[in-house]
Amino acid sequence: MKISLAKSAGFCFGVKRAINISLHAAATRKNVYMLSDIVHNEEVVRQIHKAGIKKIKRLGSGKGKMLLLSAHGAADKTIEKAKQLGYEIIDVTCPMVKDIHKIAINTENTCRKVVIIGDKKHNEVQGIIGQLKNKAIVIDNIDNIPYGSIKKIKKASVVVQSTQNIDKALKIVKVLRKYIPELQFFNTVCRPTRIKQEEIKTMPRENDVMIIIGSKNSANTKRLYEISKPLNNRSYWVNTKEGIKPEWLKGANKIGVTAGASTPKSTIKGIIQYLSCL
């Protein structure tokens with residue numbers, strides 16, 4: 001079998017940066033804690049724990065402690081509370097997510113309603129919401145547009161969770177323009193996500209089977225699978241090589257492989273090696 005690996009497979013800049021800062025903090029400082037996983041990948045989380053960073057469920061006394069924010073960002077009130085409790089903050093929020101925060105804040109300061117296209121419960125979306133004084137409208141799907149609220153808005157700005165499917169986001173924006181007289185749209189889907197999504201629009205057509213690697217709670221990996229599956233029904237989403245079933249590959253001559261932005265190189269390499277031996 002011929003195995004083709006996507007050029008964009010694996011870590012993006014923001015994930016690499018977050019992991020490097022975190023491991024440096026673990027190596028040089030004591031009492032480093034985190035409230036949520038730094039990125040959505042079990043192997044990375046294990047690596048972080050092994051380095052000595054502890055996960056906590058809630059903030060306690062922060063005297064002599066450091067709090068590591070996730071790459072997805074955090075709400076302002078969480079950061080302020082941590083500082084008041086005495087924590088020193090290590091902010092590894094992806095710079096591209098920080099840019100979304102700035103746009104959302106500026107939007108609110110110009111008396112526009114903030115509309116976020118994204119997964120309502122995702123850390124990144126909660127972090128964007130947490131920058132604002134007023135309630136934002138979050139739309140996760142074109143079928144879930146809250147028309148009652150949308151029709152009341154005269155001015156709004158739309159931002160997008162950085163790992164969303166841009167094609168689906170644009171369809172939502174097209175609908176919103178019909179109801180909101182003054183609508184600004186900021187395409188805040190990050191460049192690494194756009195590159196990965198462009199690759200996954202062609203690879204499923206060029207291969208008999210597609211293997212998409214990433215954690216089941218990884219939003220950007222989920223998008224890759226969602227794009228690939230309609231193009232090639234033999235598209236499979238796995239987290240490790242143990243998730244691959246040999247019958248998936250029956251009669252396949254060409255296998256395409258890609259991986260989400262938080263998938264380690266070691267995981268990708270292990271799966272490629274496994275496939276090569278089948």
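Reader: How do you know that the length of helix H10 agrees with its number of residues?

Author: In this predicted model, helix H10 covers residues 219-231, which is 13 residues. The expected span is 1.5 Å times one less than the number of residues, so H10 should span 18 Å. Its end C-alpha atoms are 19 Å apart, which agrees.

Reader: Which residues of H10 are buried, and what do they pack against?

Author: The buried residues are Ala 219, Asn 220, Thr 221, Arg 223, Leu 224, Ile 227 and Ser 228. They pack against helices H8 (191-200) and H9 (203-206), and also against strands E10 (209-213), E11 (235-238) and E12 (254-259).

Reader: Why is Thr 193 called buried?

Author: Thr 193, in helix H8, has a relative accessible area of 6%. Buried means under 20%, so Thr 193 is buried. Leaving aside residues up to four places away in sequence, Thr 193 touches Ser 162, Thr 163 and Gln 164.

Reader: Why is Cys 111 called exposed?

Author: Its relative accessible area is 64%. Exposed means over 50%, so Cys 111 is exposed. Cys 111 lies in the loop between helix H4 (95-109) and strand E6 (113-117). Its phi is positive, near 65°, and it is not a glycine.

Reader: What makes Asn 31 partly exposed?

Author: Asn 31 has a relative accessible area of 35%. Asn 31 sits in the loop between helix H1 (13-28) and strand E2 (32-34).

Reader: What is the phi of Asn 31?

Author: The phi of Asn 31 is positive, about 55°, although the residue is not a glycine. Most residues other than glycine have a negative phi.

Notes
Residues are numbered from 1 along each chain as its sequence is written. This is a predicted model: local features need pLDDT of at least 70, side-chain atom pairs count only at pLDDT 80 or more; totals for chains, interfaces and linings use all residues. Side-chain values use heavy atoms; hydrogens and water are left out. Helices (H or I, at least four residues) and strands (E, at least two) are DSSP runs, numbered from the N terminus. Buried means under 20% relative accessible area, exposed over 50%, partly exposed in between (1.4 Å probe, protein chains only). Contact means heavy atoms within 4.5 Å.
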